[in-house]
Amino acid sequence: MRCTTAELPLSHHNQNATMQLLLTHRFPTIRFISPPAPNHLCGVTDQFPERVPAYVRLCRHQDVFLRTTSCHNDGRAVHPPESLLRPVAVDRIIRRVACLCVVLFLAAASAAAQSATSAEWQKLLEKIRLEFPTVAHIQPDALAQRLTVPDQPTPILIDVRSADEFDVSHIRGAINITSSGAFVKQFPEATTDQPIVVYCSVGYRSSALAETLTAAGYTRVQNLEGSLFAWANAGLPLSRFGATATHAHPYNDEWGRFLNREYRSDSAGGQRRKSDAGERLGYQKSLSFIVVLIALLSWETVRPFRRLFIDHLHDRTTHGLRNFALGALNAVVIAVLFVAAWYAASAWAAGHQFGILNWLPLNRWQHAVGAVILFDIFTYWFHRASHEIAFFWRFHRVHHSDTKMDVTTANRFHLGEIVLSSVLRIPALILFGAHLWELVLYELIMFPIVQFHHANIGLFARFDRFLRVLIVTPAMHKVHHSRIREETNSNYTSLLSVWDRLFGTFRIRKDPAAINFGLDEFVDAPHQSLGGMLRTPVVDTASKDKDTEDQPADE
């Protein structure tokens, strides 16, 4: 079969070049020329759709993205970037396999976590018995029955926990006593054969008090097996200041996982501990930012990937200070306006046991790992939306307008984009059921990686290929900052590279040194100033784009 020349709509990035599509299986030579109208369709796919190989996708819109060989006006062939040569079928297989693996992993992790928690609970009870062999125990259902039988002496119920824990909820009729001396003062008339039942959260503290009371001569002291957690998990009633309570104090994250989530409260003390953890992580984040920044600046100085600055010291310093100024402004706004809102959102989710992570039987560190993964997915989709939604793109193009990408570019974000991201994080925290300290943990891990892949450095090709199996690398992110739109709209992920592979936006080039950074509309010096960056969202480039698109293509 012989094919004649077909017309192919060209992207505005390459309007002045003709495109040649190589169909190696069926059509060895097919030449595409610039059409008179941008919405003209490709003739070959209309006439012979069954003859086009499956790995070629022809799009019926102006910004078509094909696996092609472009051709200059003099006929010299120029092969496209490596990012255009990856078979679509491979992407589809990778996405499907990745989705299946994620589903299987979540199901297996949930089942394993639930089974592991039950096994650990039994080991904990056995450990308590071994450490306090002289202490007698009573089961929760037996105690509940004993409290309702009128013809038996009612035992003295002693809650060994702290006042904060007691105030959240306790067993009706219990008295908050934490030592044997306090018990003697509270019950000076108690006989040595007086029935006494002690409990705490899981049984450690109460077993210690029961052992002390037994040594003091009280002969009928019993420890509530599994203590208040076992009582609440059995669905037995809780009390708070004479009224019915529905939640119990979890003591801490480590022990709290043994209390069913529907009964777990997020107390003020727990929130204080989490807030303190968030503050410590915040300090560590600031420290890591400084350490990684100094290391990467030194690397860029000693062995830069490119020579970006003509007057190296002056231009580089000015460029970096402008980017840092934007970063400092964003940090102040986040601290003043959004940290308190994020804290309130995470506290509400924890208090109401709402969110994906709160619905799964996870321990503290499983919860934290899940939060990091969910925040990274959120960051991927917000970044992708910043490219695909026109209003978001107005702010995000400040980041992409940097024509000299280096480590300081990691701080170059418009305040409007930071506000949008921060506002959307509020419902994300609730939906995920994540703690504020887990968000800080994610940023502590993520931001050094962001600094790393923005830096003006290069890795050995094999090492870069090895690293990008897990995280985003400099070679991978340089493609994202290309001026070619199809490359700009790829590699959205910030930490884990799997999301680009999973959602079909992964691109790589074998010639990263040939990539031109920035945006064609914002290469002029006024746009690179601090004021120019702040004004970028209100700059209308539509008319400029239209004028460029209306120019006739060279043939």
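This is a predicted model: local features need pLDDT of at least 70, side-chain atom pairs count only at pLDDT 80 or more; totals for chains, interfaces and linings use all residues.
Close-up 1. The model holds 18 aromatic pairs. In the pair of W121 and F258, the ring centres lie 5.4 Å apart and the planes meet at 45°, so the pair is tilted. W121 belongs to helix α2 (residues 88-131). F258 sits in the loop between α8 (253-256) and α9 (268-302). The pair therefore ties together parts that are 137 residues apart in sequence.

Close-up 2. F378 counts as buried at 16% relative accessibility. F382 counts as buried at 10%. Ring pairs link F378 and F382 with F391, F392 and F395 into a cluster.

**Close-up 3. Arginines over rings.** R306 lies over the face of F517, 4.5 Å from the ring centre. The charged end of R364 sits over the ring of W365, 5.3 Å from its centre.

Close-up 4. F354 is found in the loop between α10 (312-351) and α11. F354 is partly exposed, with a relative accessible area of 30%.

**Close-up 5. The salt bridge of E165 and R205.** Twelve salt bridges are counted in the model. In the bridge between E165 and R205, the closest N and O atoms are 3.0 Å apart. E165 is in helix α4 (residues 163-168) and R205 in helix α6 (residues 204-215). The pair links distant parts of the chain, 40 residues apart. E165 counts as buried at 3% relative accessibility, whereas R205 counts as partly exposed at 26%.

**Close-up 6. The salt bridge of R394 and D540.** The side chains of R394 and D540 meet at 4.0 Å, N to O. R394 lies in helix α12 (residues 390-400). D540 lies in the loop between α20 (530-535) and α21 (542-550). These distant parts of the chain are 146 residues apart. R394 counts as partly exposed, at 28% relative accessibility.

Close-up 7. R412 forms a salt bridge with D402, the closest N and O atoms being 3.6 Å apart. R412 and D402 both lie in the loop between α12 and α13 (415-432), so the pair ties together parts ten residues apart in sequence. Both residues are buried. Elsewhere, salt bridges that share partners join E487, R509 and D511 into one network.

Terms used. Residues are numbered from 1 along each chain as its sequence is written. Side-chain values use heavy atoms; hydrogens and water are left out. Rings of Phe, Tyr and Trp (its six-membered ring) pair if their centres lie within 6.5 Å; planes under 30 degrees apart count as stacked, over 60 as edge-to-face and the rest as tilted. Helices (H or I, at least four residues) and strands (E, at least two) are DSSP runs, numbered from the N terminus. Buried means under 20% relative accessible area, exposed over 50%, partly exposed in between (1.4 Å probe, protein chains only). A charge sits over a ring if NZ of Lys or CZ of Arg is within 6 Å of the ring centre and within 35 degrees of the ring normal.
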